[in-house]
Amino acid sequence: MALTTRLEFRQSQALVMTPQLMQAIKLLQLSNLDLVAYVEEELEKNPLLERASDDEAPPVLQDGPDGDAAGSSTEADGPREWLGDDLATSRTEIEQDLGTRLDNVFPDDGSATVASARSEDATAAQSEWASVGTGGRDDGDYNLEAFVSTERTLADHLAEQLALSVTDPVQRMIGQHLIDLVDDAGYISGDLTAVAEKLGADLAEVETVLAILQGFEPAGICARNLTECLSIQLRELNRYDPAMQALLSRLDLLAKRDFASLRKLCGVGDEDLVDMVAEIKRLNPKPGLAFGSTNVQPIVPDVFVRAAPDGSFHVELNSDTLPKILLNQSYHARVSKTAATPTDKAYLAEKLQSATWLIRALDQRARTILKVSTEIVKQQDAFFAHGVQHLRPLNLKTIADAISMHESTVSRVTANKYMATARGIFELKYFFTSAIPAANGGEAHSAEAVRHRIKHLIDAEAPDDILSDDTIVEKLREAGIDIARRTVAKYREGMRIASSVQRRREKQAAIVGR
């Protein structure tokens, strides 16, 4: 076979991932908190971008809106207009008002120096007041976080008690090291032998310091396991008797609700055992959580769903989660006149293109979220009208076909996005559930609706008639739901509901306790 060279023309189509397309895809799957952080980073990098004030009209993102920089500078310079000149009255004007020389009025005060100093002090004081009033910022925004005190952590609380309880320098060093090993729940996470070897101290001395720390507030702190944590709290309450000690040694039986074995182990009757279990339930298994180490961010919905008077539902975006940015074209025009080198011109062109694409991508992201959310509400209107038991089976392909988008786009939109409804706040992915076939060949049932039905059956069961998984399967099939017993067990365990044996033991013990 001879090898030859030849020229060929081929025409083909391929999807090229441009930087702009990658940016749009990235923005689409970001949560509102991540999006705000991303936009803040872009504002720092791109001088042509600026924040839009709340009173400005919504920009037309497709056309590259014209931002007005004069408005922001006027707002920032507002406080200085009434602070600057009113206090700086000249000596001549003061003498004209008094009708005599200033030396005749204040002969012994060094009038020029004193008046100037007082004027400067007053101006500085009012400038400082203006800075505090705006939260220490120059943009005039009133920041309440500037007045919030620092949250006290668990480590700080324990360190204060250590300084008051221990005077020996060696024990104080050991105690501080042990405090550093305490996790957020209040437990010691390290091994005492390793701590002793690392510090070069005796194990007995480390255990002595640990015993001191376990006497600190809150009760149960610095324990090495759950049994020790509960034991410390019971000692504080003077309730750590032999029967309670035996109960704490077999917490696994308590988790299984095996009250018959616990009665035999502790040597107590039914009423005493119920009282002991109730007392343990009142204890705090994680005492360290009383001191927050991290701020919990509340869920901010991206979409609001409200009922309309005609029975339909109105879907709108949460404008508070949408970053408001503008392209400052006046600044771009002013800087372009001074750009002389090709490097400067290329830099401005790149920033202009980047700003334009970012604004368009944010607008497209908002439109896509609204489009997908509207279709979800349309598909699940029975849920919004009647509740979770009317939730329909739904997959990504159904939504994608209805709005003429790809499934991957719908998947990115529904990730980390939340919808606020009259029934609560739900993640968009909550409305996508698998289908469970109907027993009579009718319309399929949503898996989430079946879970809700299982929970409702278990909550309504009588103490003398506990429903087993097989009984639940029979009741669901009578309701037209074809489901296997292992599926019922999987859903029950996923909702953290105990088995029928454990539920029977718990409810019988509750009856005895009454």
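**Entry 1: the sheet**

I looked up Met-419 and found that it stands opposite Phe-426 in β6. I note that this is a predicted model, in which local features need pLDDT of at least 70 and side-chain atom pairs count only at pLDDT 80 or more, while totals for chains, interfaces and linings use all residues. Residues are numbered from 1 along each chain as its sequence is written, and side-chain values use heavy atoms, with hydrogens and water left out.

Helices (H or I, at least four residues) and strands (E, at least two) are DSSP runs, numbered from the N terminus. Two strands pair if DSSP finds at least two bridges between them. I read that strands of a sheet pair through backbone hydrogen bonds, either parallel or antiparallel.

Strand β6 (residues 424-427) runs antiparallel to β5, and four bridges join them. The two form a hairpin with two residues between them. I then checked β5 (residues 418-421) against β2 (residues 303-307), and they pair in the parallel sense over two bridges. Phe-304 has Ala-420 in β5 as its bridge partner.

I put the strands in order: the open sheet has four, β3-β2-β5-β6, with mixed pairing. β3 (313-317) and β6 are the edge strands, each pairing on one side only. From one strand to the next the twist averages 25°. Axes are lines fitted to C-alpha atoms, for helices over the stretch in contact, and angles run from 0 to 180 degrees between N-to-C directions.

Helix α17 (residues 342-379) lies across β2, β3 and β5 and runs at about 160° to β3. Contact here means heavy atoms within 4.5 Å.

**Entry 2: two helices**

How do the axes of α19 and α20 cross? Those of α19 (residues 396-403) and α20 (residues 407-414) come within 8 Å and cross at roughly 110°. The two helices are therefore roughly perpendicular to each other, a term for angles of 65 to 115 degrees. From α19, Leu-396, Lys-397, Ile-399, Ala-400 and Ile-403 meet Glu-407, Val-410, Ser-411 and Thr-414 of α20. The residues of this contact divide into five nonpolar, two polar and two charged. Ala, Val, Leu, Ile, Met, Phe, Trp, Tyr, Cys and Pro count as nonpolar, Asp, Glu, Lys and Arg as charged, and the others, Gly among them, as polar.

**Entry 3: the cavity**

I found one cavity of 30 Å³ or more in the structure. On a 1 Å grid over the protein atoms alone, a cavity is a set of points where a 1.4 Å probe fits but cannot get out, and lining residues have an atom within 4 Å of a point. The volume of the largest cavity, about 40 Å³, is the space filled by probe spheres set on the points, which are joined across faces, edges and corners. Its lining is Asp-302, Leu-317, Thr-321, Leu-322, Arg-365 and Ile-369.

**Entry 4: the backbone**

The peptide bond from Glu-217 to Pro-218 is cis, with omega near 0°. Pro-218 lies in the loop between α10 (203-213) and α11 (226-236).

Terms used
Angles under 35 degrees count as roughly parallel, over 145 as roughly antiparallel, 65 to 115 as roughly perpendicular and the rest as oblique. On a 1 Å grid over the protein atoms alone, a cavity is a set of points where a 1.4 Å probe fits but cannot get out, and a pocket is an open set with protein on both sides within 12 Å along at least five of seven lines; lining residues have an atom within 4 Å of a point.
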